[in-house]
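Here's a quick briefing to read alongside the sequence and the 3D view. Have a look at both, then work through the points below.

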Amino acid sequence: MKISVSSIDFRPSIDRVLNRPFIPASPDQVSNIIERVLSFSDPEVEAQLACLRDEFAHRHPNLERSWLRQFEKVEAYLSNEAFLPTSRRLLIGAFFTGEYAVESVALFNPSIVPHPNQTDLGPEDLRFILTLRAIGEGHISSIGFRSGVVRSNHSIEMDHATGLVTAPDIEADPAFSRNIFLHKLQEKGLENNWSRSVMNRLGATFTRTELDESLRRASHETQRHNEDVKRAMECLDWLELRAQF
């Protein structure tokens, strides 16, 4: 097999940033910040928002949505009777939002799989999705995604990476495929009476809540957990985590 070194070079960038919560640990500090925003007049609120939009909108496609998300995290510090217009909710959320450079330290561990969309390609071409491990500030790891095409002559073309970064929407109670779980249990040799009792309670698709309830019931029915049962439990927990991504 002849192996050639590719000229593709993945480099980390400090410019690729996303918004995340920036909330002080002290409840008093949180309350003080909210009180400060509430003390602004309506014209001051609009002026502050205009400045923030001018400074940050060009690198955050869902800027106001992210502010509202952060507002929801501190909303409990407001009195239940308080009604705030959207502009003040946005500004409070902005005060608790910080930019985070997801790949400012390192970008490595590329891995590719075939892309589900293989249209508009040559007969021997293959479009792929590439994942990368990104290390940002505070040595926090993230998963980044790129795409590209392997051509019939084995050359690799990477699609242009946008400068905008967005965080995924996480479903609180995602649905999973029963067939995938059964296949993985068989693949790992963990299809036993206990794992079958868990899966037989579930439909063709099921939610995390339904899986957790089935696991709980199966655990109560099995007084002694042998090594195979423990391994099956660990596998189902691992599958539940991985299937969300």
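Which residues does Val 105 touch, not counting residues up to four places away in sequence? They are Pro 12, Ile 135, Gly 136 and Glu 137, where a contact means heavy atoms within 4.5 Å. Keep in mind that this is a predicted model, where local features need pLDDT of at least 70, side-chain atom pairs count only at pLDDT 80 or more, and totals for chains, interfaces and linings use all residues. Residues are numbered from 1 along each chain as its sequence is written, and side-chain values use heavy atoms, with hydrogens and water left out.

**Two loop residues**
- Val 105 sits in the loop between strand 2 (97-101) and strand 3 (106-114); helices (H or I, at least four residues) and strands (E, at least two) are DSSP runs, numbered from the N terminus.
- You'll find Asn 226 in the loop between helix 7 (208-221) and helix 8 (227-243).
- Asn 226 is partly exposed, at 44% relative accessible area (buried is under 20%, exposed over 50%, partly exposed in between, with a 1.4 Å probe and protein chains only).

**Aromatic rings**
- Rings of Phe, Tyr and Trp (its six-membered ring) pair if their centres lie within 6.5 Å, and planes under 30 degrees apart are stacked, over 60 edge-to-face, the rest tilted.
- The count comes to four aromatic pairs.
- One of them, Phe 176 with Phe 206, is tilted, at 5.9 Å centre to centre and 55° between the planes.
- This pair links distant parts of the chain, strand 7 (residues 175-177) and strand 8 (residues 205-207).
- Phe 176 and Phe 206 are both buried.
- Ring pairs join Phe 176, Phe 181 and Phe 206 into a cluster.
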